[in-house]
Amino acid sequence: PAGKTAKELLPAAKRALFEEHKKTAAEKARTGDFYAAARYYRDAVEAWPGAPDASEVAALQGEISRLEEKHRSR
């Protein structure tokens with residue numbers, strides 16, 4: 001957007017990347033690629049380290065653990 005500095009746009013860009021990684025992770029999990037899904041969820045958490053909703057990040061970390069366990073149990 002015109003008139004916005006990179007510093008002003010960065011939070012929105014991080015949120016967009018966070019959401020895109022979550023979407024891809026969910027798609028990978030649905031297709032049974034649990035390892036890739038866990039990686040994308042991990043990338044989502046790393047993409048937006050200052051996420052204001054800590055409960056959402058905690059839920060994703062739980063999902064990462066669950067998917068990694070499913071991958072190992074194959």
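Which residues does alanine 44 touch, not counting those up to four places away in sequence? The answer is Phe18, His21 and Lys22, where contact means heavy atoms within 4.5 Å. This is a predicted model, so local features need pLDDT of at least 70 and side-chain atom pairs count only at pLDDT 80 or more, while totals for chains, interfaces and linings use all residues. Residues are numbered from 1 along each chain as its sequence is written, and side-chain values use heavy atoms, with hydrogens and water left out.

**Alanine 44**
- Alanine 44 sits in helix H2; helices here are DSSP runs (H or I, at least four residues), numbered from the N terminus.
- Its relative accessible area is 0%, so alanine 44 is buried (buried means under 20% relative accessible area, with a 1.4 Å probe and protein chains only).
- Between the C-alpha atoms of alanine 44 and valine 57, 13 residues apart along the chain, there are 8.9 Å.

**The core**
- The largest nonpolar core has 14 residues, and Phe18, Tyr41, Leu60 and Leu67 touch the most other members.
- A nonpolar core is a set of buried Ala, Val, Leu, Ile, Met, Phe, Trp, Tyr and Cys residues joined through side-chain atoms within 4.5 Å.
- Helix H1 (6-30), helix H2 (34-47) and helix H3 (54-72) each give two or more residues to this core, and H2 supplies the largest share, 6 residues.
- Leaving aside neighbours within four places in sequence, tyrosine 41 is in contact with Lys22, Ala25, Ala26, Leu60, Glu63, Ile64 and Leu67.

**H1 against H2**
- The axes of H1 and H2 come within 8 Å and cross at roughly 170°; axes are lines fitted to C-alpha atoms over the stretch in contact, and angles run from 0 to 180 degrees between N-to-C directions.
- That crossing angle makes H1 roughly antiparallel to H2 (angles over 145 degrees count as such).
- H1 passes H2 in a left-handed crossing, meaning the near helix is turned anticlockwise from the far one by less than a right angle.
- By class, this contact has 13 nonpolar, 2 polar and 4 charged residues; Ala, Val, Leu, Ile, Met, Phe, Trp, Tyr, Cys and Pro count as nonpolar, Asp, Glu, Lys and Arg as charged, and the others, Gly among them, as polar.

**H2 against H3**
- H2 and H3 have axes that come within 8 Å and cross at roughly 160°, which makes H2 roughly antiparallel to H3.
- Here too the crossing is left-handed.
- Among the residues that meet are Tyr41 and Val45 in H2, and Leu60 and Leu67 in H3.

How values were computed: Buried < 20%, exposed > 50% of the residue type's maximum accessible area, 1.4 Å probe, protein only. Parallel < 35°, antiparallel > 145°, perpendicular 65-115°, else oblique.
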